[in-house]
Amino acid sequence: MFDNIFGIHEKALLLHGQRLGVLATNLANADTPNYKARDIDFGEVLAHTGGESIPLKVTQAAHITPADGELPGGDLKYRNPYQASLDGNTVEMPVEQAAFSENNVRYQASLTFINLKIAELQLAIAGQ
Amino acid sequence: MSLFNVFNVSGTALNAETIRLNTTASNLANAESVNGDVTKIYRARHPVFQSMMDTGAPFGDQDASVGVRVLGVVESKAAPLMRYQPENPLANKDGYVFTSNVNSIEEMTNMISANRSFATNIEAINTARDLLLKTISMGH
């Protein structure tokens with residue numbers, strides 16, 4: 001019953017946390033020549049984690065299944081810049097800042113859902 | 001927890017931008033320095049940024065977050081301006097002094113850019129801190 005209380009928000013929170021780190025890296029390297037901005041394809045990764053977790057196919061003894069709670073590995077995607085920069089840097093400040101605040105809001109939304117779920121359960125436990 | 005990584009990454013960026021601001025301050029301070037010897041003039045200094053990228057590891061690893069470091073400081077190769085100032089005690093035997101090759105406009109724009117980047121990284125740190133504090137108080 002309590003295996004999956006928080007639903008997708010547990011995974012989403014982890015993923016948003018990771019995405020925050022990636023976006024902060026982009027912001028930190030905004031002035032680094034030849035740095036290529038990267039991002040997580042959120043929908044794609046979450047599609048693999050959402051709802052019922054799909055176990056990885058094990059075809060050989062050497063294959064390792066990820067531990068419970070671990071997100072499936074995926075490559076970071078490189079961002080396509082709207083306008084190429086002369087120093088080879090593909091960080092575009094407005095794009096990154098927009099993604100950063102969007103991610104921030106989504107993180108807090110997931111957190112709110114989890115908090116409400118906890119409140120709900122506490123209400124059910126206390127019965128009043 | 002990767003949220004903590006934001007502090008490291010943005011911290012390195014703050015450090016790099018501080019060095020950039022320092023070189024800019026140094027350049028602006030020495031914009032009017034002169035010398036009679038062309039080899040001894042002050043030359044504009046600019047930091048070279050490099051990301052501390054090790055491998056293209058999958059993002060499950062901590063390597064997804066890479067900081068920035070100052071690889072070194074290079075001196076500008078722009079030609080200095082030559083001025084005829086025979087009354088200047090530093091003038092060479094022909095009466096010329098050489099000014100530094102600092103481009104003040106370039107330095108000012110550099111300063112604005114560094115300022116903006118610094119503020120952005122501070123904002124990233126504040127956001128990460130807020131989110132962490134909210135996560136810690138989960139369920140309260």
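In what order do the elements of chain A run from the N terminus on? The model is predicted.

1. Chain A overall. From the N terminus, the order is α-β-α-β-α. That gives 3 helices and 2 strands in chain A. Chain A has 128 residues, of which 38% count as buried.

2. Helix H1 of chain A. H1(A) covers residues 8-28. Its 21 residues should span 30 Å at 1.5 Å a residue, and the end C-alpha atoms are 30 Å apart, so the two values agree. H1(A) is mostly covered, with 17 of its 21 residues buried.

3. H1(A) against H2(B). The partner helix in chain B is H2, residues 104-136. The two axes come within 9 Å and cross at roughly 165 degrees. H1(A) is therefore roughly antiparallel to H2(B), as the angle is over 145 degrees. The crossing of these helices is left-handed.

4. Residues at that crossing. H1(A) contributes Leu20(A), Leu27(A) and Ala28(A). They meet Thr120(B), Asn121(B), Ala124(B), Ala128(B) and Leu131(B) in H2(B). By class, this contact of H1(A) with H2(B) has 6 nonpolar residues, 2 polar and no charged ones.

5. Helix H3 of chain A. Gly127(A) follows H3(A) and has a positive phi, near 70 degrees.

6. Which residues of H3(A) are buried? The list is Glu96(A), Ala99(A), Phe100(A), Asn103(A), Asn104(A), Tyr107(A), Ser110(A), Leu111(A), Ile114(A) and Ile118(A). An α-helix has 3.6 residues a turn, so residues three or four places apart point the same way. The buried residues of H3(A) pack against H1 of chain A together with H2 of chain B.

7. H3(A) against H2(B). Here the axes come within 11 Å and cross at roughly 10 degrees. That angle is under 35 degrees, so H3(A) is roughly parallel to H2(B). On the H3(A) side, the contact uses Met93(A), Gln97(A), Phe100(A), Asn104(A), Tyr107(A), Gln108(A) and Leu111(A). On the H2(B) side are Ser117(B), Thr120(B), Ala124(B), Thr127(B), Leu131(B), Lys134(B) and Thr135(B). The residues of the contact of H3(A) with H2(B) divide into 6 nonpolar, 7 polar and 1 charged.

8. Thr127(B). Is Thr127(B) buried or exposed? Thr127(B) sits in helix H2 of chain B. Its relative accessibility is 9%, so Thr127(B) counts as buried, the cut-off being under 20%. Leaving aside neighbours within four places in sequence, Thr127(B) is in contact with Phe100(A) and Asn104(A). Phe100(A) and Asn104(A) are themselves among the buried residues of H3(A).

9. Ala119(B). This residue, too, belongs to helix H2 of chain B. Ala119(B) has a relative accessible area of 42% and is therefore partly exposed. Ala119(B) and Leu131(B) lie 12 residues apart along the chain, and their C-alpha atoms are separated by 18 Å. Leu131(B) is one of the H2(B) residues that meet H1(A), and Leu131(B) is also among those that meet H3(A).

Methods: Residues are numbered from 1 along each chain as its sequence is written. Chains are lettered from A and ligands numbered from 1 in the order in which they are written. This is a predicted model: local features need pLDDT of at least 70, side-chain atom pairs count only at pLDDT 80 or more; totals for chains, interfaces and linings use all residues. Side-chain values use heavy atoms; hydrogens and water are left out. Axes are lines fitted to C-alpha atoms, for helices over the stretch in contact, and angles run from 0 to 180 degrees between N-to-C directions. Helices (H or I, at least four residues) and strands (E, at least two) are DSSP runs, numbered from the N terminus. Angles under 35 degrees count as roughly parallel, over 145 as roughly antiparallel, 65 to 115 as roughly perpendicular and the rest as oblique. A crossing is left-handed if the near helix is turned anticlockwise from the far one by less than a right angle, and right-handed if clockwise. Contact means heavy atoms within 4.5 Å. Ala, Val, Leu, Ile, Met, Phe, Trp, Tyr, Cys and Pro count as nonpolar, Asp, Glu, Lys and Arg as charged, and the others, Gly among them, as polar. Buried means under 20% relative accessible area, exposed over 50%, partly exposed in between (1.4 Å probe, protein chains only). The expected span of a helix is 1.5 Å times one less than its number of residues.
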